[in-house]
Amino acid sequence: MPYLRIGMVMCVLQLNGWGGDQGGLMSAYEDAFLVGAAINRNQVAGGEPKALNLAREHFNSVTPENDLKWEKVHPEPGQFNFGPGDRLVALAEANDWALIGHTLVWHQQTPDWVFQDEDGNLASAELLRERLKDHILTVAGRYRGKIHGWDVANEIFNDDGSWRESLWYTILGEEYLYLAFEYAQKADPSAELYYNDYNLWKASKREAVINLVQALRKRGLRIDAVGFQGHYGLDYPDLKDLEGSLKAMKMAKIPTMVTELDISLLPFPNADQRGADISLNFELQAHLNPYPDGLPPEMEKQLTKRYVSLFKLFNKYQDNMTRVTFWGITDNTTWRNNWPVHGRTDYPLLFDRNYQAKPAVEEVLKLSRN
Ligand code: G3I
């Protein structure tokens, strides 16, 4: 009898939303969207078992933080490094994680040789087209049927909506983007295909992406969703702007995902450059690193509040949102410790340096129950 009573009390507590994390974020949001995290090579190799445990408890999707980028997987002509990718595929299969391929075409982390001919001059359009095709057919082809979705192209636009003057664009013009989607579809017909970018809350950039999706569709090319990276702060972006873009995508019948969510609690040296341009590198100064020894409770509260506001918005648009992925598992390995200033102590994720859930986790779980 006492067991029955304890069971009943626990049941009532759970119905009231006070029963702990009850299977974690992925279960709480299973009717809404996938919940994922970026995972790094060391974690995949088992070097951080507590981070893996958190991933197993809370996430049903993972994205390799670096290992499927061109420079990692295809460092030299004809030389592919599939070891880390293969290990991740096996881990994802064992854990039933929806695996996201990141990323096939980007202006960063692409070796110089890709854009050069044998003499070190700028590659011809023909040569670059051939290399793009070979890369996508080989990499996406190897993981055919094993990848839930590919970030086919990453960050091709400037914030004002113009095309980024990358070497891809200089040599091939807009064509490179259409080719990338064409090759990806050919390489793995069952994988979803995405376009991924930061600062999509800016109307100019959002419009450029909507136009791009329409242009792809007009050419008969498939694109399944647009990824909003989500490298945010406490005071940016204004959630009205973010909602404006989520709404515009929905109106244009373009499914959305949040693909790289984190909320920095540190000052950003130049507000105009907020986003995720990894070429930024400001000098480390004490005032830019205010919490090296721990987060004041007031800041913890602000982080919780910000996550709650964001998840309320995601919930509102869940019928057009397929996934929310955090860019990392815990604060100790987040890229935001090193960007846009190297060597800071930031606190942008839901799990702290001791692998403990922050107060924000319980609040985000509670939201799902409401
Ligand atoms: O692997 C080398 C290692 O061999 C070497 O000893 C070490 C020395 O610096 O560098 C290692 O490579 C680093 C790599 O991360 C793996 O740790 C690169 O220097 C470093 O630049 C790279 O940073 C990554 C960055 O993309 C550039 O690829 C971050 O971890 C990763 O979080 C970040 O992710 C991007 C997304 O792909 C696209 N959206 C923006 C997002 C944040 O910048």
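Which side chains meet in a salt bridge at 3.0 Å, N to O? Those of Lys 250 and Asp 319. A salt bridge here is a side-chain nitrogen of Lys or Arg within 4 Å of a carboxyl oxygen of Asp or Glu. The pair joins distant parts of the chain, with Lys 250 in helix 11 (residues 239–251) and Asp 319 in the loop between helix 12 (297–316) and strand 9 (321–326), 69 residues apart. Helices (H or I, at least four residues) and strands (E, at least two) are DSSP runs, numbered from the N terminus.

Before going on, the ground rules. This is a predicted model, in which local features need pLDDT of at least 70 and side-chain atom pairs count only at pLDDT 80 or more, while totals for chains, interfaces and linings use all residues. Residues are numbered from 1 along each chain as its sequence is written, and side-chain values use heavy atoms, with hydrogens and water left out.

Back to the first pair. Lys 250 is partly exposed at 35% relative accessibility, and Asp 319 is exposed at 57%. The classes are buried for under 20% relative accessible area, exposed for over 50%, and partly exposed in between, with a 1.4 Å probe and protein chains only.

Now the other salt bridges. By the rule I gave, the count comes to 16. In general, side chains of opposite charge can pair when their charged atoms come close. One of the bridges is between Arg 129 and Glu 175, where the closest N and O atoms are 3.1 Å apart. This one also links distant parts of the chain: Arg 129 sits in helix 7 (residues 125–142), Glu 175 in helix 9 (residues 175–187), and 46 residues separate them.

Arg 206 and Glu 207 form another salt bridge, at 3.1 Å from N to O. Arg 206 counts as buried at 15% relative accessibility, whereas Glu 207 is partly exposed at 36%. There is also a network of salt bridges that links Asp 159, Asp 197, Lys 202 and Lys 205.

Next, the ligand. Which residues come nearest to it? Of the 16 residues around the ligand, those are Glu 65, Lys 69, Lys 72, His 102 and Glu 260. To be counted as near, a residue needs one of its heavy atoms within 4 Å of the molecule.

For polar contacts, the criterion is a pair of N or O atoms within 3.5 Å; within protein, one must be able to donate a hydrogen and the other to accept it, and residues adjacent in sequence count only if both atoms are side-chain atoms. His 102 has a polar side-chain atom 2.6 Å from an oxygen atom of the ligand. Glu 155 has a side-chain N or O atom 3.1 Å from a ligand nitrogen atom. For Glu 260, a polar side-chain atom lies 2.7 Å from a nitrogen atom of the ligand. Taken alone, the ligand exposes 790 Å², and the protein buries 55% of that. These areas are from the Shrake-Rupley method with a 1.4 Å probe, and for residues only the protein chains shown count as cover.

Within the protein, consider Ser 264. This residue is in strand 8 (residues 256–264) and is buried, with a relative accessible area of 5%. What does its side chain reach at 3.2 Å? The backbone nitrogen of Leu 266. The side chain of Ser 264 also makes a polar contact of 2.6 Å with the side chain of Asp 346.

Last, the backbone. Two cis peptide bonds are on my list. The bond from Tyr 236 to Pro 237 is cis, with omega near -5°, and Pro 237 lies in the loop between strand 7 (231–233) and helix 11. Trp 339 and Pro 340 are joined by a cis bond with omega about 0°, and Pro 340 is in the loop between strand 9 and helix 13 (359–369).

Tyr 355 is found in the loop between strand 9 and helix 13. Its phi is positive, near 65°, though it is not a glycine, and the residue is buried at 19% relative accessibility. Asp 96, also not a glycine, has a positive phi of about 60°. Asp 96 sits in the loop between helix 6 (83–95) and strand 3 (98–105). Is Asp 96 buried or exposed? Exposed, at 67% relative accessibility.
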